[in-house]
Amino acid sequence: MSKRFNRVAQGPFSLDIIDVVTPAAGAEFSHTLEEGYTYFLHSVTFYLQASVVANNRLVILETYLADRLLFTKPHVYTQVANELLLYNFVAGGTDVDLSAALQLLTFRLPSTPFIPGGTRVLSNTALLDVGDQFSGIYLYVQKWPILED
Amino acid sequence: MTHNNPADWALFDDVSVDITLSGAYPIRTFTPPVNRDAELVHFHCIFSPCATVADRYLLLSLNIFSTYQFIALTTVPMPATNSWRVFFAQGLEQASIGSLFYQCGPIATRLRIPPNATIFIHVLNYQVGDLVQDVAARWNLQIKTNM
């Protein structure tokens, strides 16, 4: 007999900042959310320091459950050599380019990004150079334990 | 179960004489009005640049667990002299009406703000003499259900 689970996001929860492991230079970041919870992904922030190589980098944020793409946020900005930018993805936010004024880009995530445990949150960057470096990668999440009926 | 109380209003004092400088940006902070979790439903202020010409932007950010999350911002520079009405709310489209000196935009949806967190008002390219006035925030207060 199969078990039924309550995946409704209600009841006791916790708020967490997840400090994602900084990848090696030239590598993408990826984090798998712990199983046993339903998550609301409030925001994702990270820095990308571009190397001296004159690539036009295009950063895409993706969320996968196994091989299934849950949602993605394509780039709206081309990051060039030597730029250091703060990327900030926010649920229900807005796409704003303040790269010149504040070295800041903000992006809109879905308004209610509920995702299950086991989901991978990762970057997928076109023309990422071997000298490029992601850092300061944080996920701000609200999470509810999955309860058996 | 999580129960939401009816939205409460919390009006903040005029901060025009209370703005402080921190690094390159002047910052004013505020927190949820009582010792409970809250959602920031909407935010309003009047930003009055002084006569010095510079492209100011206004940003709200949440400082939580020693990290910053930007939750709302203006997108059109506010150059000098005229007072701008700035309004952020959940689900609102980003927009500006330059002739009326009005800007609005979305706040992060359902953003849970614990009572020990702080919201920062940043003015990018702040000039001495700029004012941030009539700051008002509307909160949806929550019964604490943290594990």
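## Tour of chains A and B

Start with chain A: 49% of its 149 residues count as buried, meaning under 20% relative accessible area with a 1.4 Å probe and protein chains only; over 50% is exposed, and in between is partly exposed. This is a predicted model, in which local features need pLDDT of at least 70 and side-chain atom pairs count only at pLDDT 80 or more, while totals for chains, interfaces and linings use all residues. Residues are numbered from 1 along each chain as its sequence is written, chains are lettered from A and ligands numbered from 1 in the order in which they are written, and side-chain values use heavy atoms, with hydrogens and water left out.

**Stop 1: chain A as a whole.** Colour by secondary structure. Chain A has one helix and 13 strands; these are DSSP runs numbered from the N terminus, helices being H or I of at least four residues and strands E of at least two. From the N terminus, the order is β-β-β-β-β-β-β-β-α-β-β-β-β-β. Along the principal axes, the C-alpha atoms fill a box of roughly 60 × 25 × 20 Å. Take the contacts (heavy atoms within 4.5 Å) in chain A with a separation of 6 or more: 73% of them join residues 24 or more positions apart.

**Stop 2: A:Asp129.** Select the loop between β11 (120–126) and β12 (133–145) of chain A, where A:Asp129 is found. A:Asp129 is buried yet has no salt bridge, a term for a side-chain nitrogen of Lys or Arg within 4 Å of a carboxyl oxygen of Asp or Glu. The nearest side chain of opposite charge is A:Arg57, 4.7 Å away. Lys and Arg count as positive, Asp and Glu as negative; His and the chain ends are not counted. Beyond four places in sequence, A:Asp129 touches A:Gly26, A:Ser51, A:Val53, A:Asn55 and A:Arg57.

**Stop 3: A:Gly131.** Its backbone nitrogen lies 2.8 Å from a polar atom of the A:Asp129 side chain. A:Gly131 counts as partly exposed because its relative accessibility is 38%. Leaving aside neighbours within four places in sequence, A:Gly131 is in contact with A:Gln49 and A:Ser51.

**Stop 4: the interface.** Show both chains. The contact takes 28 residues from chain B and 34 residues from chain A. Together the chains bury about 2600 Å², 69% of it on carbon and sulfur atoms; buried area is the accessible area (1.4 Å probe) that two parts lose on being put together, summed over both. Across this interface the rule finds zero salt bridges.

Definitions and conventions: A polar contact is a pair of N or O atoms within 3.5 Å; within protein, one must be able to donate a hydrogen and the other to accept it, and residues adjacent in sequence count only if both atoms are side-chain atoms.
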